[in-house]
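Reader: I would like to learn how to read strands, helices and ring pairs in a model of this kind. Could you take me through them one feature at a time?

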Amino acid sequence: MSTERTGMRTSTRALLAVTLLAGFYLLAAAIVAGLVWLNFELIVNTGRFSLGTAKIVLFSAAIAYPVVRVVFLTRRPRDDSHDGLPLTREEQPELWDRVDRIAAATGVRGPAEIRLVPQVNAGVYEETKLLGLIPGPRHLVIGAPLLIGLTEAELDSVLAHEFGHYANNDVRLAAATVAGRAAIGHTIATLHHGADQNVAERTSEIAAKNAAREARGRKARDTDAGNGGVERYLAKLFTLYAKLYFRVSESISRSQEYAADRHAARIAGRDATASALRRIPVLDAAQGFYLNSYATMGVGAGLLPLPGQFFGGLDRLLTDPERREELTGMGMELPDEQPDPYDSHPPIKQRVAAVEALPDTPGLPGLGEDRPALGLLRDPQRRLAELETLALIPEAAQMRRLDWPELVHEAMLAYAREEAEPVLRALTDSGLPGTAEAMLDALDAGRSAEIAGRLPQSQESAQATGRAAREFHRPLLRRALRALTVLALASQQQARWELSWSRPAALVLPGDTGERLPEALDAAVADVPDTAPLRALLAEAAAPADPQS
């Protein structure tokens with residue numbers, strides 16, 4: 001009885017949300033209709049068309065035009081369910097069999113298409129009509145990071161959750177509320193974007209006018225670019241209505257999430273469902289860190305990992321023992337988020353608690369394996385390489401592909417060259433060759449202030465004199481000399497950056513060079529330079545290797 005009452009309440013609120021969605025469009029239509037009526041009455045009652053009447057008509061048009069253009073004529077954001085790599089039944093029978101079984105166990109119609117996408121995401125989308133009230137073909141998207149980072153059991157729960165959204169009796173109205181949230185949000189964002197463009201255009205116009213005035217010896221006059229005009233005010237008006245709609249539809253969306261979680265626990269098991277919920281935010285964070293710190297680290301130097309590893313290398317990070325321990329801890333310590341009244345999803349900690357409070361359910365027979373979910377794909381490295389071709393920018397096709405150790409070394413070497421660029425310019429501008437030996441010669445010749453003065457530095461450092469100047473210059477010269485030394489050692493293959501999945505890439509130097517280098521650098525930039533220790537290090541690096549060693 002309690003479940004029935006909950007379902008009735010959800011359906012009632014869904015119907016209310018659909019009514020409010022219709023009201024959003026009625027509000028827009030009422031604004032336009034009111035302005036048309038006002039102008040009609042004004043012209044009819046006055047019986048003439050004066051300059052004042054013309055101004056009112058133009059002002060009304062300025063309000064009505066963005067309402068009609070944005071609310072009724074602007075195309076909505078394109079459904080991205082058709083992006084990604086298609087995974088056909090013929091190529092991936094194991095994955096399709098899994099999906100079909102989960103859809104059948106949920107009691108819903110399965111997808112007509114499965115696509116692999118780069119994001120930490122999974123979803124079932126329908127090509128619906130009439131704001132989701134009329135069903136159509138379904139499409140399933142599965143994020144490659146989920147296949148890489150989840151077990152089969154956890155992936156089962158994710159898929160069961162997505163199909164569970166279609167197992168509720170009020171799914172049609174719920175789909176309409178989701179479509180409504182997207183439509184209203186897009187309308188408001190478009191109005192704000194238009195207002196921002198108005199401000200930018202007005203700012204540019206003011207700058208051009210003031211520049212012309214100053215060129216004629218006159219003072220700049222206008223500096224206020226406004227707030228974006230009528231579109232900004234319309235955005236604020238529709239935002240007020242949107243807040244009401246979102247508050248009403250929020251409980252529907254959250255009820256749907258909890259209900260879908262219960263479906264997932266029944267089909268894939270309670271523990272697998274709770275584990276997946278804990279794991280997905282961690283995967284999202286790991287994916288972002290991996291892409292920024294590893295996959296794209298060599299892009300500036302025109303380098304990428306080997307085909308299939310741009311996305312697939314995430315597995316290396318996840319399986320590193322230290323990283324695995326760190327990520328496991330993140331999954332166990334979920335953040336205490338305050339519920340956002342306008343968020344369609346409940347906080348993840350509340351969802352996990354709700355699932356873990358359910359009775360222990362092992363899931364359906366034949367599902368719930370602990371094997372890596374990537375094993376459901378045939379030839380996964382090839383599929384990931386094909387996904388890269390679709391997802392990466394066209395310029396990626398021209399970049400060199402290296403295995404991870406070489407990629408890390410070459411990328412860090414490129415950064416080292418970039419770091420040394422200022423001192424190389426300073427030496428060249430001083431009439432010296434761009435080498436560590438040339439800088440050591442300059443230090444011995446008492447030209448440290450000259451070299452330091454050509455390096456990028458703060459205004460305070462540039463204006464300092466005497467002892468203060470030497471103290472400011474010392475760290476500048478040390479960093480510059482270290483950059484030159486590292487390049488010199490690398491050119492002699494005596495310095496190499498080594499890959500680590502648990503910490504930043506480390507510069508590895510031969511023998512005791514790493515221990516001797518800091519003292520040698522300190523000595524070279526002292527008030528009375530002693531360049532001999534660093535020259536000795538460089539000479540050892542340049543000496544030919546002993547064939548007997």
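Predicted model: local features only at pLDDT ≥ 70, side-chain atom pairs only at ≥ 80, totals over all residues.

Reader: In what order do the four strands stand in the open sheet?

Author: Strands (E, at least two residues) and helices (H or I, at least four residues) are DSSP runs numbered from the N terminus, and two strands pair if DSSP finds at least two bridges between them. Here the order is β1-β2-β4-β3, with mixed pairing. The edges are held by β1 (85-86) and β3, each of which has a single partner strand, so one side of each is left without a neighbour in the sheet.

Reader: How does β4 pair with β2, and how with β3?

Author: Strand β2 (residues 113-117) runs parallel to β4 over five bridges, and one of the residues to look at is Glu 113, whose bridge partner in β4 is His 139. Strand β3 (residues 122-126) pairs with β4 in the antiparallel sense, over five bridges, and there Gly 123 stands opposite Val 141.

Reader: Which residues of β4 lie on one side and which on the other?

Author: In a regular strand the side chains alternate between the two faces of the sheet. In β4, Arg 138, Leu 140 and Ile 142 lie on one side and His 139, Val 141 and Gly 143 on the other, and all are buried, where buried means under 20% relative accessible area, exposed over 50% and partly exposed in between, with a 1.4 Å probe and protein chains only. Strand β4 (residues 138-143) is thus mostly covered, with six of its six residues buried.

Reader: Which strands does helix α3 touch, and which does α5 lie across?

Author: Contact means heavy atoms within 4.5 Å, while axes are lines fitted to C-alpha atoms, for helices over the stretch in contact, with angles running from 0 to 180 degrees between N-to-C directions. Helix α3 (residues 93-106) packs on the sheet and touches β2 and β4, its direction making about 115° with that of β2. Helix α5 (residues 152-164) lies across β3 and β4 and runs at about 25° to β3.

Reader: Which residues of α15 and α18 meet?

Author: The axes of α15 and α18 come within 9 Å and cross at roughly 150°. From α15, Ala 436, Met 439, Leu 440 and Leu 443 meet Leu 477, Ala 480, Leu 481, Leu 484 and Thr 485 of α18. The residues of this contact divide into eight nonpolar, one polar and no charged. For these classes, Ala, Val, Leu, Ile, Met, Phe, Trp, Tyr, Cys and Pro count as nonpolar, Asp, Glu, Lys and Arg as charged, and the others, Gly among them, as polar.

Reader: Is Ala 264 buried or exposed, and what is Arg 270 in contact with?

Author: Ala 264, which lies in helix α7 (residues 230-268), counts as buried because its relative accessibility is 1%. Leaving aside neighbours within four places in sequence, Ala 264 is in contact with Ser 157, Ala 160, His 161, Gly 269 and Thr 273. Arg 270 lies in helix α8 (residues 270-295) and counts as buried at 18% relative accessibility. With neighbours within four places in sequence again left aside, Arg 270 is in contact with Ala 265, Val 355, Glu 356, Leu 358, Pro 359, Asp 360 and Thr 361.

Reader: How many aromatic pairs does the structure hold?

Author: Rings of Phe, Tyr and Trp (its six-membered ring) pair if their centres lie within 6.5 Å, and planes under 30 degrees apart count as stacked, over 60 as edge-to-face and the rest as tilted. The structure holds seven such pairs. The rings of Phe 289 and Tyr 294 have centres 6.2 Å apart and planes at 70°, so this pair is edge-to-face. Phe 289 is partly exposed at 34% relative accessibility, whereas Tyr 294 is buried at 5%.

Conventions. Residues numbered from 1 in each chain as written. Heavy atoms only, no water.
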